[in-house]
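Q: I am new to this structure and would like to learn how to read it, one feature after another. Could we go through it together?

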Amino acid sequence: MLNVAILISGGGSNMQRLLEDMARPHPGRARLVLSNRPEAGGLAKAEAMGVATEVLDHRSFGDDRAQFETELHKILLAYKIDVICLAGFMRILGADFVSAWQGRMLNIHPSLLPKYQGLYTHRRALEAGDRLAGCSVHEVVPQLDAGPVLGYSEVPILPGDTAQDLADRVLVQEHLLYPKILRAFLSRFEPPS
Ligand code: GRF
């Protein structure tokens, strides 16, 4: 059984879908939900589902990103984590941390990668006049939102859509895609020897 950590910063709706899926027969076990924000709504949801939670408040590290990541790494090792899922985790992780977890860390991004890496993906898709938007699950590599895409879902962009309309439509697909991809990823995963 592979130990999974989910890293969040906010409401954790993707986290919730991953936890619900892992409550069924699954190659992974939800071992930890960690937030960099103490006020993240997802923490209470995880606790209600009986999953261990930790808070590592990035603000207490000031500008020292390396120290934040050193502490994060220690916590993940303490929980014997095999695979990390970033799910609305709004901190960019440095190359040392990412390299240590490369091949064992997934993220969901609300665009059809490689389009619209970074923030404001829905607004940018609308401004570009795209007809399709969507979400992608990818492996995390040091370059932002640039790792191998493991799966994606498309949604139409409809006339009159606002960025919020589009975000809502994409989020429905995120909730279906991420559990499906995590399941497939873990069933092929070979822990490092
Ligand atoms: C999702 O749209 C995710 O793709 C993005 O942030 C949002 C998080 O939503 N990175 P939630 O916290 O999972 O509800």
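Q: Which side chain is joined to that of histidine 58 by a polar contact?
A: In this predicted model, a polar contact of 3.0 Å joins the side chain of histidine 58 to that of asparagine 36. Histidine 58 also touches Arg37, Phe68 and Arg91, besides Asn36, when residues up to four places away in sequence are not counted.

Q: Where is the place of histidine 58, and is histidine 58 buried or exposed?
A: Histidine 58 belongs to the loop between β3 (53–55) and α3 (65–78). A residue is called buried when its relative accessible area is under 20%, and histidine 58 counts as buried because its relative accessibility is 11%.

Q: In which sense do strands β1 and β2 pair?
A: Strand β1, residues 2–8, and strand β2, residues 28–35, pair in the parallel sense over 7 bridges. Leucine 2 stands opposite glycine 28 in β2, and isoleucine 6 has valine 33 of β2 as its bridge partner. Strand β1 also pairs with strand β4, residues 83–86, again in the parallel sense, over 4 bridges, and there valine 83 in β4 is the bridge partner of valine 4.

Q: How do the side chains of a regular strand alternate, and which residues point each way from β1?
A: In a regular strand the side chains alternate between the two faces of the sheet. From β1, Leu2, Val4, Ile6 and Ile8 point one way, while Asn3, Ala5 and Leu7 point the other way, and all are buried. Since 7 of the 7 residues of β1 are buried, this strand is largely enclosed by the rest of the structure.

Q: Which handedness does the unit of β1, helix α1 and β2 have?
A: Together with helix α1, residues 13–22, the strands β1 and β2 make a right-handed β-α-β unit. The chain then crosses from β2 through helix α2, residues 42–48, to β3, and this β-α-β crossover is right-handed. Strands β2 and β3 pair in the parallel sense over 3 bridges, where threonine 53 in β3 is the bridge partner of valine 33.

Q: Which residues surround the ligand?
A: The ligand is surrounded by Gly11, Gly12, Ser13, Asn14, Gly88, Ile108, Pro110 and Glu174. A polar side-chain atom of serine 13 lies 2.5 Å from an oxygen atom of the ligand, and for glutamate 174 a polar side-chain atom lies 2.7 Å from a ligand oxygen atom. Of the 360 Å² of accessible area that the ligand has on its own, the protein covers 77%.

Terms used
Residues numbered from 1 in each chain as written. Predicted model: local features only at pLDDT ≥ 70, side-chain atom pairs only at ≥ 80, totals over all residues. Heavy atoms only, no water. Helix = DSSP H or I, 4+ residues; strand = E, 2+ residues; numbered from the N terminus. Buried < 20%, exposed > 50% of the residue type's maximum accessible area, 1.4 Å probe, protein only. Polar contact = N/O pair within 3.5 Å; in protein donor to acceptor, adjacent residues only side chain to side chain. Contact = heavy atoms within 4.5 Å. Pairing = 2+ DSSP bridges. Right-handed = clockwise from strand over helix to strand, strands pointing away. Near = heavy atom within 4 Å. Areas by Shrake-Rupley, 256 points an atom, 1.4 Å probe, with all protein chains shown as cover.
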